[in-house]
Amino acid sequence: MQISIKQKRLGEPAGETLFGKTVFIMGFGNIGIDLAKRLRPFGVKIIATKRSWALHSEGSLQSNGFLIENGTNDNLVDEKGSHEDIYKFAGESDIVVCCLRMNKETAGIVNKSFISSMKKGSLLVNIARGGLLDYNAVVHHLESGHLGGLGIDVAWTEPFDPDDPILKFNNVIISPHVAGVTEHSYRSMSKVVGDVALQLHSGNPLTGIEIVN
């Protein structure tokens, strides 16, 4: 769009809609669930994987109408799979969003084999940890044109080198790890710290603490 503005060209580039697209959420944890909630109104098909889909036979309804089963909003997902299905799901998706935890099993999981299994021209988004993506594999598939675009809020090294070759591609969008940096999130984190300090001071058991990697 910026190029069109500079070149005084109207009505281009043609946009793409989310409507009708298939989005693969790889790692359907807390972030994946909230992402699905935001995607649902756009008319997408949501497929997702997680290592365990332990569901209760009965669910309850939240005030917003979503069915909760075993702590997840189960009706947000059109097709569920396990870790073994990631290549299959990648091949069915227009957009792949990586929401996995970073550990020894997931490091570099988005490698040449995985990206090769994605549809030609599909988009890859990483909002989890930079090390989940194999850098050389991503560059290779950007250069070949197989990967339609890359959007990342996390990088392989941080702060990321502004002269890194990957940034030469017009279909790469990177933000400086700010997806969770908002006035609201900082206020919420401050409240958690303050509440814990008060609990420590009073000698009460600690509550309201979540540990993430």
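First, conventions. The model is predicted, so local features need pLDDT of at least 70 and side-chain atom pairs count only at pLDDT 80 or more, while totals for chains, interfaces and linings use all residues. Residues are numbered from 1 along each chain as its sequence is written, and side-chain values use heavy atoms, with hydrogens and water left out.

Let me start with the sheet. Helices (H or I, at least four residues) and strands (E, at least two) are DSSP runs, numbered from the N terminus. Two strands count as paired if DSSP finds at least two bridges between them. On that basis, seven strands make an open sheet with parallel pairing, in the order S6-S2-S1-S7-S8-S9-S10. The edges are S6 (79-81) and S10 (172-174); each has a single partner strand, so one side of each has no neighbour in the sheet. On average, neighbouring strands are turned by 15° against each other, direction ignored. The axes behind such angles are lines fitted to C-alpha atoms, for helices over the stretch in contact, and angles run from 0 to 180 degrees between N-to-C directions.

Within the sheet, S1 (residues 22-26) and S7 (residues 95-98) run parallel and are joined by four bridges. Isoleucine 25 has valine 97 as its bridge partner in S7. Helix H2 (residues 30-39) packs on the sheet and touches S1, S2 (45-49) and S7, contact meaning heavy atoms within 4.5 Å. The direction of H2 makes about 165° with that of S1.

Next, helix H5, residues 135-144. Which of its residues are buried? They are Ala137, Val138, Val139, His141 and Leu142. Buried means under 20% relative accessible area, exposed over 50%, and partly exposed in between, with a 1.4 Å probe and protein chains only. These buried residues pack against helix H4 (112-117), S8 (123-126), S9 (149-152) and S10. At the N-terminal end, aspartate 134 caps H5, with a side-chain oxygen 3.1 Å from the backbone nitrogen of asparagine 136. After H5 comes glycine 145, with a positive phi near 85°.

Now the cores. A nonpolar core is a set of buried Ala, Val, Leu, Ile, Met, Phe, Trp, Tyr and Cys residues joined through side-chain atoms within 4.5 Å. The largest has 30 residues, of which Met26, Val110, Phe114, Leu124, Val138 and Leu150 touch the most other members. S1, H3 (86-92), S7, H4, H5 and S9 each give two or more residues to this core, and H5 gives the most, with four. Leaving out residues up to four places away in sequence, methionine 26 touches several residues, including Ile86, Val97, Leu100 and Phe114. Another core, of 15 residues, lies apart and has Ile25, Val44, Ile46 and Ile95 among its members.

Last, the backbone. Most residues other than glycine have a negative phi, and most peptide bonds are trans. Where are the cis bonds here? One joins glutamate 12 and proline 13, with omega about 5°; another runs from glutamate 158 to proline 159, with omega near 0°. Proline 13 is in the loop between H1 (2-6) and S1, and proline 159 in the loop between S9 and S10.

Lysine 8 has a positive phi of about 55° and counts as exposed at 77% relative accessibility. Histidine 177 also has a positive phi, near 55°, and at 36% relative accessibility counts as partly exposed.

Technical notes. A polar contact is a pair of N or O atoms within 3.5 Å; within protein, one must be able to donate a hydrogen and the other to accept it, and residues adjacent in sequence count only if both atoms are side-chain atoms.
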